[in-house]
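Have the sequence and the 3D view open as you read. Find each residue on screen before you move on.

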Amino acid sequence: MFEVRTDLALEEQERLQEQQESSRGISVREEEYDDGEIRITTVKIKTENAGKMMGKPRGTYITLEASQLPEESEDYHRNVSGKLAELLLRLIPQKDRELSVLVAGLGNRSVTPDALGPQVVDNLCITRHLLQEYGRAAFEKEQVQPVSAIVPGVMAQTGMETREILSGVIEQIRPDCLIAIDALAARSARRLCRTIQISNTGICPGSGVGNHRHSITEKTIGIPVIAVGIPTVVEAATIVQDSMAEFLRELSRINSMPSLQSSWEKLDEAEHRELVRGLLSPQLNQMFVTTKDIDAQIKQMSYTVSEGINMAFCSGFEA
């Protein structure tokens with residue numbers, strides 16, 4: 001069966017709603033801020049059966065939708081960073097004591113749509129070594145937490161699984177939790193570079209584009225894992241499917257070929273995907289698409305995400 005890939009739990013939840021499938025074991029809460037410019041949706045998968053329907057592990061998935069994220073607005077991006085800091089602290093366990101945090105910037109620095117993680121690490125406030133050397137006298141605010149970071153690269157560069165590298169680092173420095181930053185794949189082009197997903201279920205590097213690597217979860221590495229991701233690519237088949245649907249709706253609206261629209265609507269989503277797959281060439285079936293200014297977008301988003309992490313752990317931010 002042909003599957004349009006998405007890493008966003010929100011999109012899987014929307015798919016269940018569209019198909020009118022049972023959402024038992026799934027709870028959804030929505031919040032809006034800044035006159036609707038920032039929207040936060042929390043999806044909790046509470047049972048194993050619900051997880052199977054969603055294709056996601058049990059846990060909490062928080063999606064921050066920021067329509068103006070691609071725009072160059074310092075105030076807006078700082079508001080987004082502040083909300084991200086709140087959401088991170090909402091998911092982080094053991095907030096009643098000093099918390100040692102390891103941030104992993106996953107992805108390939110040489111491939112622009114996959115460079116989000118490495119660029120976030122470049123902009124982080126790293127404090128672990130300073131606290132070890134000088135103690136808290138090195139900082140004005142006592143709330144600063146020990147933050148360390150690593151960019152493990154990808155298997156083609158290192159010959160090692162990302163999980164193997166992180167497990168070795170964790171064994172040596174023993175952080176309290178891991179924050180893994182990675183680029184994601186979306187189901188909808190309108191969510192590219194406009195959505196941040198935060199979850200407490202860990203991450204499987206490369207899964208969005210079909211490169212399944214060993215998962216990085218609390219069970220596999222021994223400490224809680226918070227995953228932060230932004231969709232930077234969408235599958236070409238998704239764009240074709242959405243374009244066909246819009247085209248047929250427009251034909252039906254002008255009453256030129258209503259029978260085509262009726263025939264399309266009789267097919268379910270899986271049949272839509274199979275039809276699109278048959279129309280596309282083998283090359284297009286393996287193609288992922290990103291925005292033309294993805295280099296500028298990655299640079300801007302990396303600042304926003306890194307600022308959120310800095311606010312949460314290096315500036316005494318109160319959630």
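## Ground rules

This is a predicted model, in which local features need pLDDT of at least 70, side-chain atom pairs count only at pLDDT 80 or more, and totals for chains, interfaces and linings use all residues. Residues are numbered from 1 along each chain as its sequence is written, and side-chain values use heavy atoms, with hydrogens and water left out.

Helices (H or I, at least four residues) and strands (E, at least two) are DSSP runs, numbered from the N terminus. Buried means under 20% relative accessible area, exposed means over 50%, and partly exposed lies in between (1.4 Å probe, protein chains only).

## Helix α3

Start with α3, residues 74–91. This helix has 18 residues and spans 26 Å from its first C-alpha to its last. That is close to the expected 26 Å; the expected span is 1.5 Å times one less than the number of residues.

K83 belongs to helix α3. Is K83 buried or exposed? It counts as buried, because its relative accessibility is 16%. Contact means heavy atoms within 4.5 Å. Leaving aside neighbours within four places in sequence, K83 is in contact with Y33, I38, I40 and L64.

Look at Y33 again. K83 lies over the face of this residue, 3.5 Å from the ring centre. The rule for a charge over a ring is that NZ of Lys or CZ of Arg is within 6 Å of the ring centre and within 35 degrees of the ring normal.

## Strand β4

Now find β4, residues 101–105. Five of its five residues are buried, so the strand is largely enclosed by the rest of the structure. In a regular strand the side chains alternate between the two faces of the sheet. Here V101, V103 and G105 point one way, and L102 and A104 point the other way.

Which strands pair with β4? Two strands pair if DSSP finds at least two bridges between them. Strand β5 (residues 147–150) pairs with β4 in the parallel sense over four bridges. A149 of β5 is the bridge partner of V103. β6 also runs parallel to β4, joined by five bridges. There, A104 stands opposite A180.

## Nonpolar cores

A nonpolar core is a set of buried Ala, Val, Leu, Ile, Met, Phe, Trp, Tyr and Cys residues joined through side-chain atoms within 4.5 Å. The largest has 42 residues. V103, I179 and F313 are among those with the most contacts inside it. Beyond residues up to four places away in sequence, I179 touches V101, L102, V103, A104, I226, V228, I309 and F313. A second, separate core of 15 residues includes I165, A180, V225 and A227.

## Two positive phi angles

Most residues other than glycine have a negative phi, and most peptide bonds are trans. R174 is not a glycine, yet its phi is positive, about 50 degrees. R174 sits in the loop between α7 (162–173) and β6 (177–186). With a relative accessible area of 64%, R174 is exposed.

C193 also has a positive phi, near 60 degrees. Its place is the loop between β6 and β7. C193 is buried, with a relative accessible area of 1%.
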